[in-house]
Amino acid sequence: MRKYSVFAVAREALRDHTGWDRAWPNAAPKKRYDVIIIGAGGHGLATAYYLGKNFGITNVAIIEKGWLGGGNTGRNTTIIRSNYLQDPSAAIYEKSRSLYETMSQDLNYNVMFSPRGVMMLAQTEHEKRGYLRTAHANKLQGVATRFIGPEEVKKLVPIINLHGPRYPVLGALWQERGGTARHDAVAWGYARACAAMGMDVIQKCEVTGITKENGRVTGVNTTRGDIACDKLGVVVAGHTGVLADMAGFRLPVESLALQALVSEPIKPCMDVVVMANTVHGYMSQSDKGEMVIGGGTDGFNNYTQRGSFHHIEETVRALVETFPMISRLKMLRQWGGIVDMTGDRSPILSKTPVEGIFMNCGWGTGGFKAIPGSGWAMAELMAKGHSPLTEEFSMFRFREGKFIDESVAAGVAH
Ligand SMILES: Cc1cc2nc3c(=O)[nH]c(=O)nc-3n(C[C@H](O)[C@H](O)[C@H](O)COP(=O)(O)OP(=O)(O)OC[C@H]3O[C@@H](n4cnc5c(N)ncnc54)[C@H](O)[C@@H]3O)c2cc1C
């Protein structure tokens with residue numbers, strides 16, 4: 001596959017852009033692969049990429065029922081941060097954040113990583129204590145965050161109202177190298193790099209069954225025929241329960257719709273990401289100028305990739321308290337994705353009761369930021385049978401009571 005570079009752009013400009021290859025071929029399924037990954041979202045594609053890059057395993061198919069990146073990966077609000085509380089979380093999220101720093105160069109694909117800084121507002125004394133604790137924990141973990149006072153918040157975000165009608169801003173947990181990236185580009189960059197290693201990215205192919213023999217996986221049934229494999233990675237976010245059912249076991253994961261919206265584009269007014277977890281809304285400004293706004297999950301389990309009206313109202317009302325200047329903005333689009341929530345708000349990266357099947361799920365409302373780290377760790381788990389980054393995230397922790405409680409860091413939707 002040809003390298004993207006300034007010289008390639010100049011050459012193609014001279015010949016009316018007639019010489020570009022397809023970014024990745026539209027592959028048809030073969031009869032067997034060493035590894036099949038179900039789900040061409042960011043986590044599935046990153047797993048495949050690091051299987052090839054770090055372990056030389058390239059006889060791999062990534063199977064997607066829709067189009068790649070069409071699940072939560074292409075529907076999120078793109079916040080990247082690693083300021084979690086517990087050590088195992090900080091390790092995997094910080095690994096991920098650091099991989100984002102060089103992702104465009106590593107993949108030769110511009111993912112528009114923008115480390116503009118992420119702040120989580122403290123708007124009650126309780127929240128302030130919680131974030132101070134996280135800042136201390138982050139210091140011990142080597143994650144660069146700090147607690148800042150209201151004056152510094154105002155300096156960084158001049159449009160903020162520190163004295164809202166319900167909750168004043170008491171400070172914020174600030175991560176300077178957190179930020180955003182272009183979500184589709186992350187999926188496209190990984191897909192292109194996987195295809196360049198000889199892997200098959202197979203779209204419009206739904207897995208309808210999982211075949212086993214003597215407690216070991218042998219392959220999958222799909223809408224485009226049966227495909228055999230030695231190892232199977234199940235990386236399907238909101239459809240995790242459905243696939244686990246096909247494999248014959250249950251997981252403590254619930255599926256819920258989470259939604260977001262964007263406004264009409266306006267002139268640059270906010271160059272950091274702000275999360276206001278008490279009033280429950282978060283906002284950043286895209287490169288096009290739209291205000292990207294995220295809200296909460298539905299209060300009931302469902303599989304709809306749609307928004308609901310009451311959430312628009314709740315979220316916008318919360319943000320108008322914090323940013324009065326957005327009260328006259330028109331909203332352009334609203335959408336939803338199906339997120340996979342575990343009880344302790346931490347992911348599952350795990351072997352399963354079926355030999356050869358590995359699960360990667362439970363990223364819930366906050367897995368975009370984790371894509372490269374999760375792919376790195378999952379690839380190691382699948383290739384070697386263990387990974388220091390996944391040890392604590394086994395599905396069996398729920399049976400053993402070894403929860404990784406991230407309700408403060410991840411209980412809010414982002
Ligand atoms: C509105 C919203 C806002 C969010 N904001 C943020 C944020 O700001 N920051 C952050 O870090 N995270 C955020 N998230 C969460 C983040 O988007 C997800 O955690 C992450 O994208 C999950 O990636 P994935 O690859 O696991 O899943 P997905 O991208 O959903 O990919 C799974 C794929 O599996 C496919 N699939 C399912 N069943 C089958 C089958 N039977 N056969 C074949 N394929 C199948 C699906 O079609 C899908 O493409 C947000 C999510 C939403 C919905």
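The structure is a predicted model, and its chain contains 12 helices and 18 strands. The chain is divided into two parts, domain 1 (27-109 + 183-251 + 344-410) and domain 2 (118-178 + 255-342), and the shell around the ligand draws at least three residues from each of them.

**Overall dimensions**

- Along its principal axes, the C-alpha trace of the chain spans about 65 × 65 × 40 Å.
- A compact globule of 414 residues would have a radius of gyration near 22 Å, and the 21 Å of this chain therefore agrees with that expectation.

**Domain arrangement**

- The C-alpha centres of domain 1 and domain 2 are 27 Å apart, and the contact between these domains takes 30 residues from domain 1 and 28 residues from domain 2.
- On the side of domain 1 that touches domain 2, at least two residues each are supplied by β3 (79-80), α3 (87-101), α8 (240-247) and α12 (407-410), with the largest share, four residues, coming from α3.
- Sorted by class, that side of domain 1 comprises 10 nonpolar, 13 polar and seven charged residues.

**Packing of α2 against α7**

- Helix α7 (residues 183-196) and α2 pack at an angle of about 35 degrees, their axes being 9 Å apart, and the crossing in which α2 passes α7 is left-handed.
- From α2, the contact is made by Gly-42, Leu-45, Ala-46, Ala-48, Tyr-49 and Gly-52, while α7 contributes Val-186, Ala-187, Tyr-190, Ala-191, Ala-193 and Cys-194.
- The class composition of this contact of α2 with α7 is 10 nonpolar and two polar residues, with no charged residues.

**Surroundings of the ligand**

- The ligand is surrounded by 39 residues, of which the closest are Gly-39, Gly-41, Gly-71, Gly-337 and Gly-367.
- By class, the shell around the ligand consists of 13 nonpolar, 21 polar and five charged residues.

Conventions: Residues numbered from 1 in each chain as written. Predicted model: local features only at pLDDT ≥ 70, side-chain atom pairs only at ≥ 80, totals over all residues. Near = placed C-beta within 6 Å. Nonpolar A, V, L, I, M, F, W, Y, C, P; charged D, E, K, R; others polar. Domains from an automatic or database assignment. Axes fitted to C-alpha atoms, helices over the stretch in contact; angles between N-to-C directions. Left-handed = near helix turned anticlockwise from the far one by under 90°. Contact = placed C-beta atoms within 7 Å. Rg over C-alpha atoms; globule rule 2.2 N^0.38 Å.
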